[in-house]
Each structure stands twice: as C-alpha cells, then as structure tokens.
Number of protein chains: 2
Amino acid sequence: MKRFSIGIIGATGATGMELLQLITERNFPIHKMHLMASPKSAGKSIQCNGKNYNIISIDQLTDEKDLDILFFCAGGDISKKWIPYFSKKNVFIIDKSSVFRMEENIPLIVPEINGLKVTGKPQLVCNPNCTATILSMALAPILNLSHFKSVLVSTYQSASGGGFAMMEELKQETRRSLNNENSQPKHLPWSYAFNLFSHHSPINEFGYNQEEWKLMEETKKILDLPELEIHATCIRVPVLRSHAETVTVEFESNRPSIPSIKKALSDFPGIKIVDDPEKMIFPMPSLSTYHDEIFIGRLRHDPIHPLKTHFFICSDQLRKGAALNAIQIAETYIASHITA
Amino acid sequence: MKRFSIGIIGATGATGMELLQLITERNFPIHKMHLMASPKSAGKSIQCNGKNYNIISIDQLTDEKDLDILFFCAGGDISKKWIPYFSKKNVFIIDKSSVFRMEENIPLIVPEINGLKVTGKPQLVCNPNCTATILSMALAPILNLSHFKSVLVSTYQSASGGGFAMMEELKQETRRSLNNENSQPKHLPWSYAFNLFSHHSPINEFGYNQEEWKLMEETKKILDLPELEIHATCIRVPVLRSHAETVTVEFESNRPSIPSIKKALSDFPGIKIVDDPEKMIFPMPSLSTYHDEIFIGRLRHDPIHPLKTHFFICSDQLRKGAALNAIQIAETYIASHITA
C-alpha cells in the first residue's frame, strides 16, 4: 500500500493533537510525518503511534521535496501567510482556518456530502467551521428526501472551539468559582465559570457575529444551496468539547414522515440516532464526546405548523467538528488519488 | 399602612429562600409570617429581616384565622393536596406549581402583562413556569407593536430550575470532574459536569417534554394568544441560576423596526436592553444573576426573511423566573385589595 508524507502545522494545538490521535486510531498510511508549531514549541517532541517526532518550525519544511498532504491547523494568519507558498508545490492542502473557505473555486468539504470535489490531484481544500460541518451532516440526508424552505439553528458551543487555552480557562475559572476565589479570566473579558455567552466574535452590519455568519454561509456552500434561508444564533456554553445545536427545518412543500427522516439519517454514514423518549436518552456532550458520530435526537414534527420539523444534535467538536473531518478529507484524497 | 399575614409553604427550598430575600429587599408589609417546610425541616428556624422564624409543618397552619396571602412553593403534590383546603378559607393563594396553571378560570399571572386579572379579593392565582414568564416578558412589549405569526424558542436552562438539590449536584459533579474523581450523580441518571441535556421531564405524544409543553401552553395563556404557533426546545445547561433563551419571532405582516422594538422593550417595566456590539456586551448569566430584570440583546432582523426578528434573553431563574414574579403578584394583590 502506498504511504504518504504528511505535515501538520499547528500540531500542538487542540485540533493538531486530535489529528495525531486519529492518525493512530485510523492507522493512517504515513511514510514521513512533519510536525510544526509556533517557535515556543519548536525543539520539543511529541509521541504518535509509539514514535517520537520533533517539533520543527514551518520554515524548516520549505526544503521538503516529497510532501504529499499538508494540514493547516494553526489559525488564519498562518494559513494566509503560508498557503500561497505551499499551493505552488505539488501538495494536497487541507486548511482548517476560515481564510479561504468562501472562495468560489476552493472546495469546502464534508466528505460524506461533497467528497467528490476532492479530485485526487494536489489542490487546496477547506475544512468547514465546526458548527457548519455538524449541521450539514444532519441536513444532507434530510435534504435528499425533500427541499427546505428555511433552516433555523441555535448552538450550544463548547470551549474546545477556542482551543486548549479556552478549555483550560473554563476549568480554571470553574475551579476558582467552586473555591469562592476571585475570577481571573485571561482569554475572555468575563468568567466562563457556570456561565454562557453570545459567541465572542465581531458583529457584522446585519447584527450577526462571525461565527453565526460562517455557520450560515458555509452550510449553504457545503449543501450547494446558495439561496437557502438560514438563520443562526451562536452561544458558547460551559462544556468542554462537544457542540450541540437545536434545529428547525421548514420544508418547501412535502414534509417527510419522522420514520422516513430517521431512516435517511440512520442510513447516512457518520450519524447515530439517539432518541429514546421512554428511557429519556437523547444526544448530550457526555455521550458524544470522543465519538466520531453526529448524535441526533428529539426528532419531532411541529404540533401546529404542517411543514416544520425539529431536532437536536450533539457532536464532538474536535472530532467531526475539526480533526476527524480533516483526516476524512485526507483519506478521500488518498482513495481518489490511488484510483485517479 | 396595612400589613399582611403571609404563609410560605416550601420556605427552605430555592424559591422559598429567594422569596424571603425579596421580602426583606422590597420591605414587604408583613404583619405575621408563617414558614412551612417538609417534616425534616420542621423545628428549625430561619432568619428574615433580622427576625427568627420557626419552621412549622403545614398542618399547624390550619388553625390560623387571620391569614391574608399564602405562597405555595413546595411542588405539585403539596399544592394538589392543600390548595383545595385553603381555597375555602378567605386567603389569596399564589401557587408556583404547575397543577392548576392551565385551568380555564384560574389566572396565570405575570403582573406587568396581565396583573389586572388579580382582583384584590381572595382568589387562587398561578405563577407561571420560569421559561414562560421570561419569554412572555420579552414578547408582550413587541406584541403591542405588531401581531405574531409564530414564535420559536430554544432554552439554555440553569440548575436552579431543579432546586437546591440540582444546583448542589452541578457543583459536586463539576468538582469531581475537575479532580478526576468518579461521577456520583444522585438526581440525574448522568453527570451534570460540563454537560448539557434535553430537559429531563416526560415526553408527550407529540414528542415534546413537559417543560417545553408548559413553556408553549403557558406563554399562549399569559399573552392571551390561544392560537399562537409557538415551538420550544428546552435544554438544561451547566449554569447555576440564570436561564437564557434564543427567540425568533415571525410577524404576521408588519415587522417593526429594530429601534422601535428596542424602545418598546425599554419602556416596559422589568426589562433591560443589553446590546452593545462594539463592546461585545450581551445578556449572559454572569450579568443577569441576582438581578430582577429580563436582559435582552442580540436583537436583529433576519437578513433574508422580511418578517422575522431574532433576539437573546437572559434572566435570573429564581428572581423573575420564580420568587420575584410571585412577590410581584402579592404586591399587585395588595395594591388592588387596598383600592378595592
């Protein structure tokens, strides 16, 4: 079997570390692996699948000749600076940042939905915003049954979306609160302990924050529904690494039955129906965390409106929301590269 | 000034204790006060406004002749058992339980909205579910501007809705999680630490849990909109005592401007607009907790749909969600009783 030389930029971050975990779990066919991080991590080493890897700085990679796949997980500034350089090399690039996601000719990939846009040739593709990936995964199978008039979503977003720093802040602030110590937030202007808040990203001219806008625009791009009426409110909650979303879908004319929606969801790869009203078991972070699947439940028709259906999603933000989707993109590339 | 003899059933619970706090803060005109709780608390005493009150059992109240106002804050079973008895006495009863809320001839009161239904004569009135009170407070001023076609709400509910026991469980489980100790949930079948979950109340034939159904039905009753298309998803989040709600309103025909909605909300008693995109200050539990007001922000028109408007609410569940609304009902009774 052909093995691939890969590079991970941002290897010490929350997504990077999850990527290394998945590389081991999924037995990803690695020939060589280059791990890069900020200068303060350079020189350290990380274990992956029983092997030690030295952290290098990204400049040290520029000499590399036989690089096949490059993961950018280090934030928008690094992507903006380095992707133009590596795009000229013969490399398949998966960018986790939002910098290039909405550019018309750059595919925004959730492999189960639009993996065919991965050509098998070196190209730049983008990994969507976590909330958009999770929502699209739930919508795509339903969309196969009937057209949407509108989609409305409220998110319950975990700390992991802000990386290790935010996860650590949630824990530290909570510990302080439980000990009746003064709050000392570093990454937020307020305490995260037992608190929730509107997603802390800039508000645009329409009154939406960046996260909401990404969720709305990227979902439209992934599902190839540029005209979809979609609305989002993004709220950060004191949960460590699983996002949740309440979703209302209004169908254009024909509302599928609940059993047919459940069947479409169950038949779709990467989705797990967790919807047991008798045992009161529904999706929740303590179930979905460390799992690959999108957990969907509380599926019900509106009791009044004849075309609306509601449901609830939970999914590990670092898995399908970030690293898992990225590695699935790489696997899609490998499969299509081999057959190409 | 006339002073009133009151009784609080469930005085040692989260709502009861908040009621005592508010009685002091608001200088409620008390003549005598009788505090009742379960047999395990009887014999203990509680301080209120510098005075000691012995906890008695409810049977000991039945001899009482000059009782003016009775607060039931001890759950549905106690209300069901004792309200029929006290209804025959000459007492104004405020019931916090859900037992009688939807009975046609029993008013469900949010004083700012329908306080006129408090006649000033002894009667039984109900205090709504916390989520319904909070939502109705936000909707009432907007409804004065234009009719609704539909209302859609997702809740972010705090532990306090489940009383002291649930608040304590959230703290205990979180402490265990931070110390890497095993989870030992007592009141929930899973850990509440850094977790959220669909509201743990039975699911009805339509797929809605009791909390959602209360929120929907009670909001319709409070706003006197029996035909309103309203949908709710109720989620419990790891927050101690403030509820949040994302709300989408679709107007029937005429969507008011954002400034006119903000003015209507600001002019309404008990509402505080917290909506500063530049400083990124919006409603959140750490702002609303221990405050009387309903905090409203993130107010924005839908960028696509011409008749939809979205906003975000936060409010202390034990204040306006429970005890504050109850004491305001009592104050409304006193005011109308004096003028009656």
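How much area do chain B and chain A bury between them, and what share of it is on carbon and sulfur atoms? Chain B and chain A bury about 4900 Å² between them, and 65% of that is on carbon and sulfur atoms, where buried area stands for the accessible area, taken with a 1.4 Å probe, that two parts lose on being put together, summed over both. In chain B, the residues that lose the most area to chain A are F194(B), L196(B) and M280(B), which together make up 14% of what that side buries.

Before I go on, please keep in mind that this is a predicted model, in which local features need pLDDT of at least 70 and side-chain atom pairs count only at pLDDT 80 or more, while totals for chains, interfaces and linings use all residues. Residues are numbered from 1 along each chain as its sequence is written, chains are lettered from A in the order in which they are written, and side-chain values use heavy atoms, with hydrogens and water left out.

Let me stay with the interface. Taking contact to mean heavy atoms within 4.5 Å, 60 residues of chain B touch 60 residues of chain A.

Next come the charged pairs. Side chains of opposite charge can pair when their charged atoms come close. One of the salt bridges brings together the side chains of E212(A) and R300(B), at 3.8 Å from N to O. E212(A) lies in helix α6 (residues 210–222) of chain A and R300(B) in strand β13 (residues 294–301) of chain B, so this pair joins two chains; helices (H or I, at least four residues) and strands (E, at least two) are DSSP runs, numbered from the N terminus. E212(B) and R300(A) also meet through their side chains in a salt bridge, at 3.8 Å from N to O. On the side of chain B that touches chain A, strand β10 (residues 229–236) gives the most, with six residues.

Terms used:
A salt bridge is a side-chain nitrogen of Lys or Arg within 4 Å of a carboxyl oxygen of Asp or Glu.
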